Amino acid sequence: MIQELKILTGLCGKYNYASVKEYISLGGYQGLKKALEMKPEEIISEVITSNLMGRGGAAYPTGKKWDMISKLDSQRKFIVCNADEGEPGTFKDRKLIYQDPMKIIEGMTIAAYAINSNKGYIYIRGEYRNGYYRLREAIRSANAAGYLGKSIQGTSFDFDIEVISGAGAYVCGENSALCESIEGKSGRPRLKPPYIKNVGIYGLPTLVNNVETFCCIPYIIENGGANYAAIGTESSAGTKLVSVSGNVKKPGVYEIPFGTTLREIVFDLSNGVENNNTLKFVQMGGASGVCLTDSQLDIPLDYKILSSKQMSIGSGAIVVADQTNCVVDFALMTMEFFFHESCGKCTPCREGNAQLCRILKDLSEGKANENQVRHLENISLLMMKASSCGLGKAAPTAVLTLFNAFKEEFLEHVTGHCRTGSCNFVNGKTAV
Ligand SMILES: Cc1cc2nc3c(=O)[nH]c(=O)nc-3n(C[C@H](O)[C@H](O)[C@H](O)COP(=O)(O)O)c2cc1C
Ligand code: SF4
């Protein structure tokens, strides 16, 4: 039976979030102390050796990103911790923000020292109001104890962190929209290139990493990159936080070593499907993630293996649906989210989301014909190809994967039949 491996979450909830003293008594700040005795390039080399991939969704190699930014010749560089966490079903960063904020500060400070930055931002989801206050208090304490601010721990290195609250737009988690929002503009993704590592906040080089990514750094520096790389699988180092929700008996955030399967997460850690119902599908990676059926649950969570199957672990959200869920209903709920969150800047996403919603709504009301159903696929593929940013590219993933796996159930809706009884048909007729 699979167990959690808590190298990242071991201190969660174990200390008063604003107490540097308690954090240190539990082994905190050892990574930063060691880092300040190293050369910046040695730190980056450890992060490269660790094989750490960004945990925000795109799985970009963290060491490589740091290395590129560290080599840019610029008087000022910014660091941003992406704590926007707006993907439905994703709540793993919240655990670190609320229960171990000092580790985020420590990870960011090491990164700032490594790339030569003096200014950091934590961009936090607007709904995490208490998290915002906790982070600000933790920052104030770290400042007072000499772990932030001027001459950190007696060195010549200065670093400050400011916390910025988002205003509720999912797209602001996208790194260029996030830079726009920090500058005080409307949070819309920029056209790329140039990439934000070169031209970020106020046109200056900017390092953006996810909360979980920064939290991996103290362990890597304290224990060495090779030690970290030895955890997990050859192509996916370390552990991953997953947030499990939906029809499971024990939802929550779990820290698993890479190589763990979805079946182990759902049936061992989360105690299986609620009411001992039959599992219908699992959505992996949040609203923009693939929907997998029972026969696909033994695939190990590993970046290389998943990518060879055109899948991704994304943000680490795992939503479980049992047999009482209607696939049309689920697809419609997902698309309504993206329709609402599209920033409207480019046509394939703005119009594609609207059209998918319309067809799915018609289907759920028993008004769609087979021709319209076939359009689901065409529109989805077009959006994936032609949308400007990751939101539009990934929005139709659930529709496409559900349609491929449950075509018959989709088509049944054309004849006014919903096998789960969830859809509201015209003429007062509900499911048969
Ligand atoms: C629509 C959209 C929303 C995103 N939301 C988040 C988010 O909430 N948190 C996050 O870390 N990354 C998010 N990302 C990914 C970021 O653009 C970026 O890749 C990430 O913050 C980089 O950090 P990492 O290298 O540590 O993964 C989002 C991307 C897109 C396209
Ligand atoms: S893909 Fe969607 S969210 Fe992204 S820029 Fe285009 S309209 Fe905006």
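So, one bit of terminology: when I say a residue is around a ligand, I mean that its C-beta atom, placed from the backbone, lies within 6 Å of that molecule. And keep in mind that this is a predicted model.

Let's start with ligand 1. There are 22 residues around ligand 1, and the ones that come nearest are Gly54, Gly56, Gly173, Asn210 and Gly390. Two elements give two or more residues to that shell, namely strand 4, which is 206-210, and helix 16. Strand 4 gives the most, with three residues. By class, you get eleven polar residues, seven nonpolar and four charged around ligand 1.

Now, where does that shell sit in terms of domains? The chain splits into domain 1 (20-229), domain 2 (239-322) and domain 3 (327-428). The shell around ligand 1 takes at least three residues from domain 1 and at least three from domain 3.

Those two domains also touch directly: eight residues of domain 1 are in contact with eight residues of domain 3. On the domain 1 side of that contact, six residues are nonpolar, two are charged and no residues are polar.

Okay, over to ligand 2. This one has 14 residues around it, with Cys343, Cys346, Cys349, Cys389 and Gly392 coming nearest. Helix 14 (347-364) and helix 16 (390-394) are the elements that give two or more residues here. As for classes, the ligand 2 shell has seven nonpolar residues, five polar and two charged.

That's my bit, happy to take questions.

Technical notes
Residues numbered from 1 in each chain as written. Chains lettered and ligands numbered in written order. Predicted model: local features only at pLDDT ≥ 70, side-chain atom pairs only at ≥ 80, totals over all residues. Helix = DSSP H or I, 4+ residues; strand = E, 2+ residues; numbered from the N terminus. Nonpolar A, V, L, I, M, F, W, Y, C, P; charged D, E, K, R; others polar. Domains from an automatic or database assignment. Contact = placed C-beta atoms within 7 Å.
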